[in-house]
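Please look over the structure shown here before reading the notes, which are arranged by topic.

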Amino acid sequence: MNDERFALDVIARALDAAHANEADAAYVAVDQNISRFANSQLHQNMSEESASLTLRVIVNNAMGVATTTSFDADEIARTAELAREAARHSQPVPGFRGLYRDNEPLPEIDSFDDATASIAPAQKATALRAMFDRGREHHIEFAGAHATGAVSVAAGNTHGVRRFARTTFNDATVIAIGAHGSGYATQRALRASQLDLAALGDEATLKATLCTDRSEDLAPGAYDVILEPPALAEVFDWMNMIAFTGQSFEDGSSFFVGNLGKQLLGTNVTIADDSLDAGFLPFPFDMEGLPKRRVALIENGVLRTPVLDKTWADRLGMQPTANAWSLGSSEHGAAFHLSMSGGDATREEMIRSTKHGIWVTRFNYVNGLLEPKTALMTGTTRDGTFLIRDGEVVARLPNLRWTQSMVEALANVESLSRERRTVGTWYNMFGGTRAPVAKIRGWTITGKQERGSSS
Amino acid sequence: MTPERAQLEDVLRSLGDVRYADVRYTATHAQDVKVRNGEVDHLASTVDRAVGVRVLVGNGWGFAATSDVSEETIRRTARRALEVAAASNLASTQIITLSDVEPHVARWESHYEIDPWSVPIEKKLEHLMNATEPMRGDPRIHQVSGDISCYRQEKVFASTIGSFIEQTTTQMGGGIEAVAIDEGEFQRRTYPNPFGGDFQAEGWEFIERLDLPKKALEIRDEALQLLAASKAPAGRFDLIVGSAQLALQVHESCGHPTELDRAMGLEISLAGGSFLQPQMLGHFRYGSDLVNIVADATIPGSIGSFAFDDDGVPAQRFHLVRDGTFVDYLTGRDTAPFLGRVSNGTVRAETAARIPIIRMTNINLEPGTTPLADLIADTKRGIFVETNKSWSIDDLRLNFQFGCEVAWEIENGRLTRLLKNPLYTGNTPDFWRSCDAVGDRASWQIWGLPNCGKGDPMQTMRVAHGAPAARFRNVEMG
């Protein structure tokens, strides 16, 4: 189910079955293995081969969508009928100028790694066992997940557009748990050679064993924070939902509305959707078949554009950004390859320049629905929160609750690291987030994790 | 297309000499209808078929799944599960014990009066248009929308202990919302709940009973009033939490921390652990004497109900918190022995393509004896909050912050001003111990939440929570 001929055949049969002047289809096949571990034991281990077809039929500029995981002729015909029925009951999308027709050449990128696609479960288990053994030497237990796999994507439409690409992913998350604290490290890569599981284990262990003899408390207030890439990535996941999508722009909830072209954030803040960067997680097209390009969402603090599928771009009279990741989705565009530009600092320089602040490894359970017009969010810190005093990391802190407007925070970025890291996102098989370390002034801490009175 | 019993049992036999194995097949059907600002925003159908094979070899679990339900592919998937189990044995030294369960051969279907798929799309659209169009007109109403969703999952389970179980659940959900925007102020009101509304294991009769059109003007007016309302104050107040919001409070601060896999550290990599540790069982003061929280997978018509879990264990009803004391976890066959207990039947997977893990069923705060009107009348100075807007809780499920769509000030036993953007925060046991009044059966309602996330890959589970309104003393707001 992963080969090009099969995938494009499914697309062709679906478009034939549509019996419509306009239709487009997307086929996604996944072959993955996810090894989850806890207490330094591999406790959940799964492999999956699955595929799905989504068919969108356009009747008088009105759309209907149906999805199936079966590809025999009867099922495809039934899926087409469901999509047609939905389209017949739908209404024309205002401004819609038809499906993509230009069929431009795709960017030439290498998105597949044979070595990653062929990693066997036993190979991963052996590497995990070595990491577990190394952790025991330091009285550390590990929890986490190591996911590898290949994704095949085909897209096509009734205007002759046909696309096919394969990509691979190699994603590991490691939590090191010691007697007095935990640490965390994560990375997503396209190639097996780009990810060193043992190094991630060592990185997490370093955080778990840092300042274990010194813990302090912190009163609520505004502090300088140094955020590691996973912390920024969690915030950007929410920005993607509440601020970057075509839907949030059209319905008025995004802080981009009324602010395009304005310098709302710091001049050192540039965030793009970039699936062409060979050092990130490259992919050549979106599900509507449009060639991917680098799209600057925020450029030197100036808000440039939300991400838009073609349907919503037509509706809004804007340019599509090739960000349709599912046909007919309510988001009408999502940034699956968020890339924040780095600066010229190092993490160590940021720490040295901080008089009284917090070094944050990651966030937990962020929610961005508090006040979307200012991107007010809340969450807690997790797996390594440290107090910085007079330029040195001096103590472990409890997990802290924060409540912070991201519009305000991204206007207060003091420095960014040169080095960036790619972090995976749970909702996204094609991409992730690439972010530097950021030092931000005046981050609002509102509480902390405490067990309360015991009884 | 549904595999026959003989075929599934043949697959199990093909695995050879294993400690345990099961094979599941699911066909999951969904239809989603959404209207927005007088247009059909989204109209989509999905059919997802999957087969999953789970096998225990030695002390290693292996799981493999496929969306191709042909006989040949299912057999290949079974062989892959064996390969994965062998790999697990390379990096696991723990002893896995499965609690006992009797073999069951059974068939179960949830009940409905009117099949969701028998209702024509045009009727669903007409219903949503009738509910949303009256909300439009005021220029500050930027968006009105309505959702109706239909869900059906057919599941077949066969295991090496001889069980063969067929289950079908049919569910519907519906809701409406109004979004008001004015000079940078953004307010949303929904009925009966955000994110698609409320969900029950019923048919079209549930949508008729919701009566979305009847509530439309009320939520529109509240969204408009919220634009000009004062912000909910910061400080410590007596807090009355309405049924819908309290249902989510139960979900986050009781449902998740009583999942035994979390307490054992098995979910730390994604969702986190739990402050409720096994040594606390039977004596830890989770809440006040008035707090009784029950897991009940047997409630007819609720989306957290079933007849057997995905271990083949019968659905059950049991206390998690009794008279304020923490007394039990949600468990499965391979976790319950850690406590020296047998599974209480809470292991489920989103589809057959995912590993079954411990999931909430219907986790309910049992009703008390105080009518809602008396709760308010008995409060001198406080805040009443209702309908969730935002939620966040730490990795041990201790420190939480919830935002609600709407609040009202309470002064001298009466609801007075409408307040916007209420936030309340606290520590789970301290919060539940401050509960000094629990609403009666009249204010108790069961709420379906179809979007509980857990696991890796992320599994979205359909769970439910019954809750009345309740009062909590001296809660931090803002």
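This is a predicted model: local features need pLDDT of at least 70, side-chain atom pairs count only at pLDDT 80 or more; totals for chains, interfaces and linings use all residues.

**Domains of chain B**
- The domain assignment divides chain B into domain 1, covering 5–228, and domain 2, covering 231–477, and the C-alpha centres of these two domains of chain B lie 21 Å apart.
- Where the two domains of chain B meet, 46 residues of domain 1 are in contact with 34 residues of domain 2; the domain 1 side of this contact is made up, by class, of 18 nonpolar, 19 polar and nine charged residues.

**Helix α3 of chain B**
- Helix α3 of chain B, residues 121–132, has 12 residues and reaches 16 Å from its first C-alpha to its last, which is close to the 16 Å expected at 1.5 Å a residue.
- Within α3(B), the residues K124(B), L125(B), H127(B), L128(B), A131(B) and T132(B) are buried, and because they cover an arc of only 160° around the axis, they are on the same side of α3(B).
- On the other side of α3(B), by contrast, E122(B) and E126(B) are exposed.

**Contact between chain B and chain A**
- The contact takes 70 residues from chain B and 70 residues from chain A, and strand β2 of chain B, residues 39–57, gives the most to the chain B side, with 12 residues.
- By class, the side of chain B that touches chain A has 31 nonpolar, 24 polar and 15 charged residues.
- Strand β2 of chain A, residues 41–59, pairs in the parallel sense with strand β3 of chain B, residues 60–66, over four bridges, and the bridge partner of S47(A) in β3(B) is A64(B).

Definitions and conventions. Residues are numbered from 1 along each chain as its sequence is written. Chains are lettered from A and ligands numbered from 1 in the order in which they are written. Domain bounds come from an automatic or database domain assignment. Two residues are in contact if their C-beta atoms, placed from the backbone, lie within 7 Å. Ala, Val, Leu, Ile, Met, Phe, Trp, Tyr, Cys and Pro count as nonpolar, Asp, Glu, Lys and Arg as charged, and the others, Gly among them, as polar. Helices (H or I, at least four residues) and strands (E, at least two) are DSSP runs, numbered from the N terminus. The expected span of a helix is 1.5 Å times one less than its number of residues. A residue is buried if 20 or more other C-beta atoms lie within 10 Å of its own, exposed if 12 or fewer, and partly exposed in between; C-beta atoms are placed from the backbone. The arc is that of the directions from the helix axis to the C-beta atoms. Two strands pair if DSSP finds at least two bridges between them.
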